[in-house]
Amino acid sequence: MSHPKPTPVGGKLLTPFFGVLLLFWALGTAAGTVRFLQGLGAASAMNDGYPWGIWIAVDVVVGTALGSGGFAVALLVYILNRGKFHPLVRPALLTSALGYTAGATAIVFDVGRYWNLWKVPLAYNGRYNWTSGLLEVALCVMAYTAVLWVEISPAFLERWKEQPGPLQGLARFALPLVEKAFPVVLAFGVVLPAMHQSTLGSLFLVSVTKLHKLWHTPFLPALFLVSCVGMGYAAVVVESVFSARAFRRPLETRMLSDLAGIMAGLTAVFLGLRLVDIVLRGRLGLAFALDFHALVFWLEVALAAVAAGMLWTSRGTRDAGALLRGAFAVMAAGGLYRVDVYLTAFDPGNGWRYFPSVGEILVTLGIVAVETMVYIYIVRKYPILAGAPAPAGGRA
Amino acid sequence: MKLSRRELLTGLAAAGAAAAVPSPAEARDRKVAEAGSVGMLYDSTLCIGCRACVVKCKEANQLPQDRATLNGAPYDAPPDLNGTTKNVIKLAAAGGRSAFMKSQCMHCVDPACVSVCMIGALAKNASTGIVTYDKDGCVGCRYCQVACPFNVPKFNWDKAAPQIVKCELCRHRGEPKKPGVRQIADPACCEVCPRGAVVYGKRSDLLQEAQRRLKTQPDRYEAKVYGDQDAGGTQVLYLTAKGVPFRALGLPDVGDEAAPALSESISHGIYYGMVAPVALFGAALLTIRKNRKQADEEGA
């Protein structure tokens, strides 16, 4: 293989942008403190009708779908054996590991009785309730977050192995083990996300009377699974373009524009499945009901169609701008679909309403800020991004 | 056994498809109420809206008052079920008529909250059918609130150590020295109701009594016992006055099938015997190994 080896980016950590991230971290911490001291009602707009807000719908459900880059790229490189995409593996795995860790953090903020969380993996009282989709999601997300950090661990171990110190011994011991276990770890890295990303859709199968009929379908798990793969590739594209700009690395436009066709195809499959399901089950009339939900439905369809169209035309053009716009459209289409299932198309009745509070938004932004700071720190210190080190440090 | 790459990829795709596409063959049997199921019968035509049951429920469950100030005077007046209220009486209006409505946990025969609860903090007692809550197994994820078609489970939004709050049929008041079914549970609301508008008993007896009332006074009632079949059957049954539909009382049209019947059938179809995930894992592992070997050979 003649790929450029991943190398640390180096450079100064405390840039003005990093300062802005620190500010968001501080604001999120303040809102989080209110939540932990005074309860969820003091910091959030969640209520008995809308018990799940943006911490679940955005941080966990959209966040881990965008964190499916590791899953999506692993499928391409290790299953379909497309070795040319190898330089995308490490950045994709790092963003996924951070995305899943951020989602897990949001869960700690969200659940009311977080001190009982340890009882879930340990089957408190020996009672795993296997009819609960959420149990499967919880166990799979915990396991997959660990898998992702093992998948990305060679980047750290390689670095530690070169430096004398206490970590050198660990790296010398662990690196061969990780390499030996890699196929098994990778296989888990395919199965676990396929399971829990589909189950994130299955969670709303039980809400027969509360979820709008344009969204409630037995195909919820399939739709969530198909769209998370496309969103994962889109996140990889966005991350690559931004990293290349910020850290002055060569941009792999040829490789990325090959992803455009794949994303266009996945988005088309998603859209086809969604529309055929609605037509076959005789619910198309609801889409022409001239109400709020019909409008949101068409917005979703239009976004997905535009995303597929933009990416299909940008494939092979090596136009980084067009590719980036297409990737954002895929993320927006998949994100909107998820938020609609979890919030917009969910109606508990009795006049309940929900719109996220300032506190909820600050916690979400704070978690994203920390995720970004850790990403910047790691790519500066460890071999993640491919290409030669920048001559005078990056701008990020 | 030697597999070609094409065979591997086909197997992988099939396993992936099996993991995401529902298989209707696994449709679950309808759950029926246990013979020993206990519950309540609420007859809206008998209720006078005195709210004695609301006050007694709070006392029996040691729940704080829900204070509201009306015309400058304080009242213990919960507007609905909430984090301090497990039972409430509301006024329902239908056309020119009005009727009283009592809300609390329906104690479903096939409860959605129990189906979705991760480690069984909400559980259905195998003999009495009472849907119970154990805070020690609850992480406060609130999936029960998302799942319940009746919006019954409530959450302590204003507490740093919140719990799920819902009626447990006063199972803590059941005592061996009490007569009959009151050994199992003894709902405070039924004990204090001055009109017998809400009565406690075996579900089968209550259903029989409700049907007797419908038969003897067909002009008084809408010809249906809500909860007999609704949402897969509930252990709290309702009768309503003729001309006041159950919907007007706040009892939704949820159909006769329990919500978990659909969701569990689909999930069990996908995960039947864990075949699909295990097959996907096996196919993925074989493919990864094969690709890696091929890459090593090319590199050597």
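Modeller: Chain B splits into domain 1 (5-28 + 264-299) and domain 2 (38-257); these bounds come from an automatic or database domain assignment. The centres of the two domains of chain B, taken over C-alpha atoms, are 45 Å apart. The model is predicted: local features need pLDDT of at least 70, side-chain atom pairs count only at pLDDT 80 or more, and totals for chains, interfaces and linings use all residues. Residues are numbered from 1 along each chain as its sequence is written, while chains are lettered from A and ligands numbered from 1 in the order in which they are written.

Now the sheet. Chain B has an open sheet of 3 strands, in the order E10-E1-E11, with mixed pairing. Strands are DSSP runs of E, at least two residues, and helices are runs of H or I, at least four residues, numbered from the N terminus. Two strands pair if DSSP finds at least two bridges between them. E10 (198-202) and E11 (236-239) of chain B are the edge strands; each has a single partner strand, so one side of each lacks a neighbour in the sheet. Strand E1 (residues 38-43) of chain B runs antiparallel to E10(B), joined by 5 bridges. Val38(B) faces Lys202(B) of E10(B).

Next, the partner. Chain A contributes 56 residues to the contact and chain B 55 residues. Contact means C-beta atoms, placed from the backbone, within 7 Å. On the chain A side, several helices give two or more residues, among them H1 (16-38) and H6 (133-162). H7(A) gives the most, with 10 residues.

Note on methods
Two residues are in contact if their C-beta atoms, placed from the backbone, lie within 7 Å.
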